[in-house]
Amino acid sequence: MYQPTYLNFTRVVAWRTVVAMTTTLDGSAPPTRTYDVGASDEVAERGRLVVTLGEGVDAVTVGVFRFRGRLHAYENRCAHQGGPACQGRIVARVRERLDDAQRSLGLAFEDDSMHIVCPWHGFEYDVTTGRHPGRPDYALRPVTVGEEGGRIRVTV
């Protein structure tokens with residue numbers, strides 16, 4: 001079976017603190033963990049960091065992106081067919097330019113948007129929303145991310 005190749009930017013990091021924010025059906029708090037995944041300068045503007053958090057069956061791989069000075073993080077699982085979406089190409093959104101009669105004037109990149117493209121089937125996601133631009137019902141699972149003291153912290 002064909003297996004596509006892609007760059008592997010993953011690394012395992014140890015968890016730092018446990019934070020309980022919601023409750024389960026039985027009223028108990030499910031465990032969530034906050035991980036220190038790296039220094040803030042490790043994710044440049046329009047850049048990414050993909051990390052594996054936890055170990056074994058509890059491990060989850062997350063992509064952290066910086067766009068317009070803000071961090072965005074998503075589980076590294078394509079909503080289309082489960083591929084490693086966060087490890088795909090980073091591109092500006094492509095739009096077809098049309099004249100008044102709706103004839104094509106060619107394609108143009110929009111630098112005011114940033115997309116990631118799943119390497120398995122080319123499914124695109126807007127980095128700021130995690131949603132596919134043409135199918136908003138397809139979206140990456142968002143992950144809480146923040147910066148504190150020059151460090152990036154992710155909560156899953």
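A strand here is a DSSP run of E with at least two residues, and strands are numbered from the N terminus. Leu 107, for instance, lies in strand 8. Please keep in mind that this is a predicted model.

First, the whole chain. The secondary structure of the protein chain amounts to eleven strands and zero helices. Read from the N terminus, the order of elements is β-β-β-β-β-β-β-β-β-β-β. The chain has 156 residues, and 37% of them count as buried. Its accessible surface is about 9,500 Å², with 50% of that belonging to carbon and sulfur atoms. As for contacts with a separation of 6 or more, residues 24 or more positions apart account for 50% of them.

Three strands make an open sheet in the order 7-8-9, with antiparallel pairing. Strand 7, residues 89-98, and strand 9, residues 124-126, are the edge strands, and each of them pairs on one side only. From one strand to the next, the twist averages 50 degrees. Strand 8 covers residues 104-117, and its antiparallel pairing with strand 9 runs over three bridges.

Is Leu 107 buried or exposed? Leu 107 has 64% relative accessibility, so this residue counts as exposed, the cut-off being over 50%. Leu 107 also belongs to a nonpolar surface patch of about 340 Å², which is made together with Val 94 and Phe 109.

The other residue is His 115, which lies in strand 8 as well. Its relative accessibility is 1%, and because buried means under 20%, His 115 counts as buried.

What is His 115 in contact with, once neighbours within four places in sequence are left aside? The contacts are Arg 89, Ile 90, Val 91, Arg 93, Glu 124, Tyr 125, Asp 126, Val 127 and Pro 133. Asp 126, one of these contacts, is also the bridge partner of His 115 in strand 9.

One distance to finish with His 115. His 132 is 17 residues away along the chain, and the C-alpha atoms of His 115 and His 132 are separated by 9.0 Å.

How values were computed: Residues numbered from 1 in each chain as written. Predicted model: local features only at pLDDT ≥ 70, side-chain atom pairs only at ≥ 80, totals over all residues. Heavy atoms only, no water. Pairing = 2+ DSSP bridges. Helix = DSSP H or I, 4+ residues; strand = E, 2+ residues; numbered from the N terminus. Axes fitted to C-alpha atoms, helices over the stretch in contact; angles between N-to-C directions. Patch = residues over 30% accessible without salt bridge, like charges linked within 9 Å, V, L, I, M, F, W, Y side chains within 5 Å. Areas by Shrake-Rupley, 256 points an atom, 1.4 Å probe, with all protein chains shown as cover. Salt bridge = Lys/Arg side-chain N within 4 Å of Asp/Glu carboxyl O. Buried < 20%, exposed > 50% of the residue type's maximum accessible area, 1.4 Å probe, protein only. Contact = heavy atoms within 4.5 Å.
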